[in-house]
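Here are my notes on this model. They cover helix packing and a few backbone points worth a look.

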Amino acid sequence: MKNATDKSAKAVKPINLGLQGGGSHGAFAWGVIDRLLADGRIAIEAVTGASAGAMNAVVLAHGLVNGSPEEARGCLRAFWEGVAQGALTSPLQRSAFQRAAGEWGLEGSPSFIWFDLLSRLASPTDLNPFNLNPLRGILERFVDFERVRSGPIKVFISATDVESGRAKVFSQKELTSDHVLASACLPHIFHPVIIDGVPYWDGGYMGNPPLWPLFENCVCDDAVIVQINPFRRPGAPRQARDIQNRITEITFNASLLRELRTIDFVTRLIDAGRLEGTGYRRVLVHMIGDEPELSKLGASSKLNAEKAFLDKLFDIGTAAADRWLVAHFDDIGQRSSANLRGLFQGEEDALDGERVDRLAAFQTKSKSGRT
């Protein structure tokens with residue numbers, strides 16, 4: 001694979017990748033990326049991600065340093081196999097009943113129930129006084145951050161500033177394992193990650209993934225978002241744990257929906273000619289996901305890193321990317337293939353009939369000859 005800025009790569013189409021976080025469900029994005037790399041018709045200019053999406057982003061950037069899609073695919077596979085290997089000694093395992101029933105969640109696991117209860121009663125400081133994080137060893141084993149910082153792929157990862165509540169986006173030139181761990185720091189599991197004196201939590205709260213870095217830092221207009229967290233789940237949850245899980249899921253999608261609403265708003269202004277000469281440009285949005293399959297998986301399965309489960313998620317992701325390529329490859333560089341309005345407001349907007357159709361003030365002055 002060639003860098004999107006390589007002028008000799010005339011046969012490929014450039015894209016930017018947006019990778020959502022979602023624990024072990026990040027293996028779905030691994031499958032998507034693997035299929036895109038194998039296709040040979042796509043070049044990646046930049047990748048932006050949060051949490052597990054940040055991990056996929058830096059592994060991908062590490063693997064693409066030499067411009068080889070096969071090397072990048074191998075690096076991603078090695079990373080996720082390393083995650084599975086580390087999970088062999090994890091106390092969070094499925095129960096025998098769940099294994100027999102073919103369930104991937106951990107709800108019936110005594111160790112998970114005990115962990116879930118403790119995490120609600122005690123802080124990570126109480127439960128993990130030495131601030132041990134198994135993800136650090138895995139990251140530093142499979143990612144050479146010097147390669148990432150000097151490589152051709154632009155990388156942006158988000159974290160949440162605990163003190164201000166704002167999103168913080170770290171760019172490629174400054175990335176270390178600390179920045180990625182900050183992006184994946186779930187506050188009920190890990191200590192805040194301190195960077196330059198500032199504590200950070202998971203980036204999914206405020207940018208999952210952050211799209212705004214792509215608008216002014218990339219040449220490519222196409223953003224391909226790999227969706228892990230389902231937007232819609234039929235019915236209202238009734239169990240306390242399910243209620244909390246759905247709140248978390250909605251929260252982790254909220255920042256993305258706000259950005260998609262903004263993109264749609266700017267696109268409508270461009271279509272109406274209201275942004276001529278302002279420097280705003282059209283952003284083409286695409287989404288690869290499999291909500292029917294992923295919505296079957298409970299939130300606890302995001303802590304399940306068994307190899308069989310990761311392989312299943314990889315296969316689902318590969319199939320989703322394959323379907324998207326067949327249906328929408330020709331849309332790249334031409335039009336958005338995602339229905340943004342449908343995502344953030346449903347098929348109908350109760351306020352549609354109340355919109356005021358008028359020119360902007362500067363357009364009115366221009367037509368009247370005033371300056």
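1. N131 comes first. This is a predicted model. N131 sits in the loop between α6 (124–127) and α7. Its phi is positive, near 55 degrees, and N131 is not a glycine.

2. S51 also deserves a check. Its phi is positive, about 60 degrees, although S51 is not a glycine. S51 lies in the loop between β2 (42–50) and α2. Is S51 buried or exposed? It has 9% relative accessibility and so counts as buried, since the cut-off for buried is under 20%.

3. Next, a peptide bond. The bond from N208 to P209 is cis, with omega near -5 degrees. P209 falls in the loop between β6 (198–202) and α10 (212–217). As background to these backbone points, most residues other than glycine have a negative phi, and most peptide bonds are trans.

4. Now helix α7 (residues 134–142). At its start, a side-chain oxygen of N133 comes to within 2.9 Å of the backbone nitrogen of L135. Which residues of α7 are buried? They are I138, L139 and F142. These three cover an arc of only 100 degrees around the axis, so they are on the same side of α7. In general, an α-helix has 3.6 residues a turn, so residues three or four places apart point the same way. The buried residues of α7 pack against α2 (52–63), α3 and α9 (177–183).

5. Then α1 with α2. The axes of α1 (residues 26–39) and α2 come within 9 Å and cross at roughly 30 degrees. The crossing is right-handed. From α1, the residues G26, A29, W30, I33 and L37 take part, and they meet A52, N56 and L60 of α2. By class, this contact has 6 nonpolar, 2 polar and no charged residues.

6. Last, α3 with α13. How do the axes of α3 (residues 69–87) and α13 (residues 307–328) cross, and at what angle? They come within 9 Å and cross at roughly 145 degrees. The crossing of α3 and α13 is right-handed. On the α3 side, R77, W80, V83 and A84 make the contact; on the α13 side, K307, L310 and F314 do. The contact of α3 with α13 divides into 5 nonpolar, no polar and 2 charged residues.

Notes:
Residues numbered from 1 in each chain as written. Predicted model: local features only at pLDDT ≥ 70, side-chain atom pairs only at ≥ 80, totals over all residues. Heavy atoms only, no water. Axes fitted to C-alpha atoms, helices over the stretch in contact; angles between N-to-C directions. Helix = DSSP H or I, 4+ residues; strand = E, 2+ residues; numbered from the N terminus. Left-handed = near helix turned anticlockwise from the far one by under 90°. Contact = heavy atoms within 4.5 Å. Nonpolar A, V, L, I, M, F, W, Y, C, P; charged D, E, K, R; others polar. Buried < 20%, exposed > 50% of the residue type's maximum accessible area, 1.4 Å probe, protein only. Arc of directions from axis to C-beta. Polar contact = N/O pair within 3.5 Å; in protein donor to acceptor, adjacent residues only side chain to side chain.
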